[in-house]
Each structure stands twice: as C-alpha cells, then as structure tokens.
Amino acid sequence: MLRQFSVENFRSFKEQVTLFMEAEKKLKGMESTNLITAPDGEKLLNTAAIYGANASGKSNLVKALRYMKSMVLHSSKDTQKGEPIESEPFLLDPKSSQEPSLFELIFFIGDSEYTYGFKVTKEAIIEEWLYRRKKRQIRLFERNTDGVYYINKATFKEGLDLTKRLRKNALFLSLVAQMDGKIAGDIVKYFLKLIIIDGFEPRSFKAHTLSLHREGKFSEEINKFLCKLDVGIKGVDCNNTEIDEDQFEKIFMRNMKETGNFEFSYNEITGKKGITSINTIHEIEGQKPVHFNLEKHESHGTQKLYALAGPFLETLAEGRVLVIDEVDARLHPLMTMELLRLFRTDKMNKNNAQLIVTTHDSNLLNRRTNLFRRDQIMFTEKRQDQSSDLYSLAEFSPRNDEALDLNYLRGKYGAIPFLGGFADGDSCDG
C-alpha cells in the first residue's frame, strides 16, 4: 500500500509537491467503496486520477516515481565509483539547477509503515533516510554527504558492517539489499513490484502480459478480461513455436518488415529460440471461429487492452500499486471507466490494490459515473515561473451535485490550457 509520494526539484517540479493517497476524513456522502484500510486503521484511496494541461507536469510526476524506483533497484550495482548520476533538477532557475532533487515514499509492507527517501545531485547522494512505524516511529538509518552517520543497532543490524563499502553515487538501501539485508531486501522487492507504465506505448508492457500468458499464469483471466470488455473477442490464444538458429535471422527480418506480428521467446532450459503469436478468436454464428493476429488485424485499442491485462490482473491479484501515464490513450471513455471500476469493487480488488493514473478524459469526472470521491481527483498546473504544482479537487470543496466535468473544462479548478487565439491568427508575441 502507498500512503504518500513526494518530489522536489525534479524536471518541472521546483517546489516540493506530495501525492496524497490518504482519504479526507470529513467528506460527507462519499462512497466507502473507493477506500481501502491500511494496517494502522487509516483509510487510503484505492484510485487517484491526475488531470492537467499538456506540459503541466502529469507525466513528470510519473517519471519522478519511475526515477526513484530505478535508483533503488540499480544504483548500487549499475554504477562504478566516480560515475555521474543521471539527475534532472529544475533547470529554469539558476539556483535550483545546482541543488539536489528530493524523493520520498511512505508505504506499507505487512503491518509496518516505512518512510524512505533521498536527496541526489549529479555527483552524489546528499542525504538518505529510512524510518519504520508500527506503534511508534523509529529511525533505522540516516546518511549525509560524509556517509552513514546513524544506524539503529537494534533494528537495522544488517547495515552495520557495510558503511565502508558505500559509494557516494549509490544508495545505502540498495547496497544493504544487495548484501542480503532482510529489511532492505523487502523494501527493494516493494519497489520491484511497483508497476509503472506509459499508456501511449503498449508494446513496452505487452511483453509482460505475454510472458504471463505464455507461462499459463492468468491465462484464463486474460481471456475473461478481454471478453468482458466487449471488443468482439471470444478468447485469445498464445502459441509458441521453437525455431532453428539458422532460421531465426530470416524470421526476425520478416517480422521487422511486418511491424511485429509476433514476439520472440527464449527457452532458458533448452537454449532454443522461438516465436510466439497472439491470436484473437472471433465467433460467427453457424461457422467455425475465425482467428486474427493481434497486431496485424486488431485495432490499437484492442492491442492496448491485451497489454493492460497483465499489469491489471497481477496488480489486483497481489495487492500491488499500478501507475499508468495517459491511461485513456487509444481507449473509448466507457472502456476507461470500466477499467477504473475494477479497483472500486471488493469482488475484484480483494487485496487492497491501488491505481494511480494521469488522464485528459473529463468524462470520468461526470458525477453520474460515480467513479471518484473528490479527494481522488488531483490536478497539475504550471506556475508563473514555469514550475509545476500538484493539488486536490477537495481543496475547492465542491458540492456533491456539482458538475465537475463541465466546471473543470470551464477552468474553475485550473489545470487547463490557456489557448491564445491560434485559430484567429494571433502570434505568441501578441
């Protein structure tokens, strides 16, 4: 479970902003089905939708979380001593461009709440900290530019003998996990299971769905997922055929020309390569079923739905956190609504999974859809200095019967583009 994510001085975020997944306590008439219960009894949001104009910072918030995940997973093993860190501070202010970026996540593993964060420049990790809270909060470790200056000898023994091996460009958490530290390892596993995908690039996460499908994991659920979304598909087959080495290059080149009508596989046991075709099944009354190749014959929307099946099903089954940038890209608004509803129902979301999306689809705000509490709706907006802000609809205290979709497009909540009369031939300089 995720409680909060904070970022400062990263890409378009100059000042610190925080994505809160904690539910507002004084919202009357709001659906309780949109909430999950944290181990400490607090109510958290199961879904959050982030709106904003193009270039307002929505995608940068997702990229910030992806950057933090990448640092946790790779900083200790993918860098060498003295190598620069890929840091992206806010560049439109001379002072900020020279200061560290901050990332902090508050989350649950089992019945423990962890607060983990770090500050980073291109040269070094400036600060890093880890706290754990059950009944009370305790400090597990802290570091600064001089190194790790505090380790809790009672609760974080796994880090005691590793401080001398720490590089300035690596996270201490990652180092301890790499050396089989139990607490650090559990936290790294949490980040590993955090799924972050780009809705514009379904091929980037289709491989994950294909892997699950090919292994037989969620095969039945993937079929049901597509059938229930009513895209005319009655099933989907995943067929793998091993090929000889001398045929691989020929098939690979043909696949490139046909823009990806099948996927390649590799059997680690036999050492043989293969091709996997994904075929959708369409039924015609009185005739045999017709098989279509997914990428050759199906629409981009259907291809995206197949790609989303793996991340959605795995997140719901294992109680993970799923983050999707531009969830509505290539999808009909009703299809997007149906996907979001999966996280609202106790029947589908039995394990307290959470979904965070960015979107432009104002139809999701229509109160007749009953999709969101108002604390689930957030906005990004550019300030005068071109930095991004993040805030919640709940700050506006809208009425329960307010037309949120229309008021958003009218600019009542901000976070919409300011159009400068382009159709009338106006220029940028007035």
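Met 378 takes Ser 392 of β19 as its bridge partner. Strand β18 (residues 377–382) and β19 run antiparallel and are joined by five bridges. Strands here are DSSP runs of E, at least two residues long, and helices are runs of H or I of at least four residues, both numbered from the N terminus. Two strands count as paired if DSSP finds at least two bridges between them. The model is predicted: local features need pLDDT of at least 70, side-chain atom pairs count only at pLDDT 80 or more, and totals for chains, interfaces and linings use all residues. Residues are numbered from 1 along each chain as its sequence is written, and side-chain values use heavy atoms, without hydrogens or water.

The open sheet has six strands, ordered β11-β16-β17-β5-β18-β19, with mixed pairing. Neighbouring strands are turned by 15 degrees against each other on average, direction ignored. Helix α8 (residues 300–318) packs on this sheet and touches β11, β16 (321–325) and β17 (354–358) (contact: heavy atoms within 4.5 Å). The direction of α8 makes about 150 degrees with that of β16 (axes are lines fitted to C-alpha atoms, for helices over the stretch in contact; angles run from 0 to 180 degrees between N-to-C directions).

Helix α5 (residues 219–228) buries Ser 219, Ile 222, Phe 225 and Leu 226 (buried: under 20% relative accessible area; exposed: over 50%; partly exposed: in between; 1.4 Å probe, protein chains only). These residues lie on the same side of α5 because they cover an arc of only 120 degrees around the axis, taken from the directions from the helix axis to the C-beta atoms. Their cover includes α4 (203–214), β12 (235–243), α8 and α9 (333–341). Exposed Glu 220 and Lys 228 sit on the face of α5 turned away from its buried side.
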